[in-house]
Amino acid sequence: MAYSGRGPTYKVVLLGELGVGKTSLFKRLKDNTFDEYQTATTGIDSCTKVMKVDNEQVMLSIWDTAGVERFRTLTRNYYRNAHATVFVYTLTEASSLHYLAQWIRDAQNFCPDAIRMLVGNKNDLEQEIDQNTAQAFANLHGFDNIKFISCKTNEGIQEAFQQLADELHKPKKKSSPPTPDDGTIVDVTDKGDFVKGSRGCAC
Ligand SMILES: Nc1nc2c(ncn2[C@@H]2O[C@H](COP(=O)(O)OP(=O)(O)O)[C@@H](O)[C@H]2O)c(=O)[nH]1
Ligand SMILES: [Mg+2]
């Protein structure tokens, strides 16, 4: 856990195939906007989301792959010191769920201690994946449940991330004092290595 001066900070990384809605989710969390014509960008972006857990302020440092995932160049730096991994698929494409298996394996390698959340996005559209298939996938990979959300309508997002913040912070409340904060914005070179943002990055 890092400490920003405004409260303990937990790093949360978004993972999943291109087009599932990670950047849309990021924008909902960042400034509650949605762009129907969201275009893929490159680089890595992060923002801080302020949450309350038992009346205590905590920060979620949300990291979005912002298009880099298409090159499969996410490095261990993206995952490093992550407290939570959010695996996103779209309910409209079965392949996006099956490809999550690889992201789950990568996360298991790079940040095995992170809390995990499985998110099915685009709940506002007609669904290609039936509930049983999704639940079987969740069971196989050890998720308690699936959070169904829509970045378009904003459904389910606040609840999912409140539960995540609760899960992250409640067990930590009696643990050791926090360490200094990490940076907020980083970019990647075409080799997939990180370039430090203006505030630097301690992760
Ligand atoms: N209908 C609908 N479209 C969405 C939703 N979330 C994202 N999209 C659209 O899906 C496309 C891909 O989203 P994007 O956030 O760029 O996905 P990313 O590649 O995972 O970052 C964009 O056109 C978004 O507008 C949603 O909940 N409902
Ligand atoms: Mg994106």
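Setting aside neighbours up to four places away in sequence, Y89 touches G16, V20, S96, L97, L100 and G120, where contact means that two C-beta atoms, placed from the backbone, lie within 7 Å. This is a predicted model, in which local features need pLDDT of at least 70 and side-chain atom pairs count only at pLDDT 80 or more, while totals for chains, interfaces and linings use all residues. Residues are numbered from 1 along each chain as its sequence is written, and chains are lettered from A and ligands numbered from 1 in the order in which they are written.

**Around Y89 and strand β5**

Let us stay with Y89 for a moment. Y89 lies in strand β5; helices (H or I, at least four residues) and strands (E, at least two) are DSSP runs, numbered from the N terminus. Y89 counts as buried because 28 other C-beta atoms lie within 10 Å. The cut-offs behind that word are 20 or more other C-beta atoms within 10 Å for buried, 12 or fewer for exposed, and partly exposed in between. The C-alpha atoms of Y89 and G21 are separated by 7.8 Å, although the two residues are 68 apart along the chain.

The rest of β5 is covered as well. Seven of its seven residues are buried, so β5 is largely enclosed by the rest of the structure. On one side sit A84, V86, V88 and T90, on the other T85, F87 and Y89, and both faces are covered. As background, side chains in a regular strand alternate between the two faces of the sheet.

**Strand partners**

Strand β5 (residues 84-90) pairs with β6 in the parallel sense over seven bridges; two strands pair if DSSP finds at least two bridges between them. Strand β2 (residues 8-15) also pairs with β5 in the parallel sense, over four bridges. Strand β6 (residues 115-121) is mostly covered, with five of its seven residues buried. Two bridges join β6 to strand β7 (residues 147-148), and these strands run parallel. The table gives residue pairs from these strands.

| Residue | Partner | Strand of partner |
|---|---|---|
| A84 | I115 | β6 |
| T90 | N121 | β6 |
| G120 | F148 | β7 |

Together, β6, helix α5 (residues 131-140) and β7 make a right-handed β-α-β unit. Right-handed here means that, with the strands pointing away from the viewer, the path from the first strand over the helix to the second runs clockwise.

The loop between α5 and β7 holds I146. I146 counts as buried because it has 20 C-beta neighbours inside 10 Å. Leaving aside neighbours within four places in sequence, I146 is in contact with L118, G120, A134 and A138. The C-alpha atoms of I146 and Q135, 11 residues apart along the chain, are separated by 7.5 Å.

**The nonpolar core**

The largest nonpolar core has 43 residues, and V12, L14, A84, V86 and V88 have the most contacts inside it. Such a core is a set of buried Ala, Val, Leu, Ile, Met, Phe, Trp, Tyr and Cys residues joined through C-beta atoms within 7 Å. One of these, A84, touches Y10, V12, A114, I115, M117, L164 and L168, not counting residues up to four places away in sequence.

**The shell around ligand 1**

Of the 19 residues around ligand 1, the nearest are G21, K22, T23, S24 and K152; a residue is near a molecule if its C-beta atom, placed from the backbone, lies within 6 Å of it. Helix α1 (residues 22-31) gives the most to this shell, with three residues. By type, the shell residues divide into six nonpolar, seven polar and six charged. In this grouping Ala, Val, Leu, Ile, Met, Phe, Trp, Tyr, Cys and Pro are nonpolar, Asp, Glu, Lys and Arg are charged, and the others, Gly among them, are polar.

**Two loop residues with positive phi**

Most residues other than glycine have a negative phi. N32, not a glycine, has a positive phi of about 55°. N32 is found in the loop between α1 and β3 (45-53) and is exposed, with 10 other C-beta atoms within 10 Å. D54 has a positive phi too, near 50°. D54 is found in the loop between β3 and β4 (56-64) and is exposed, with 9 other C-beta atoms within 10 Å.

**The chain as a whole**

The chain has six helices and 10 strands. Of its 203 residues, 36% count as buried. Among contacts with a separation of 6 or more, residues 24 or more positions apart account for 71%.
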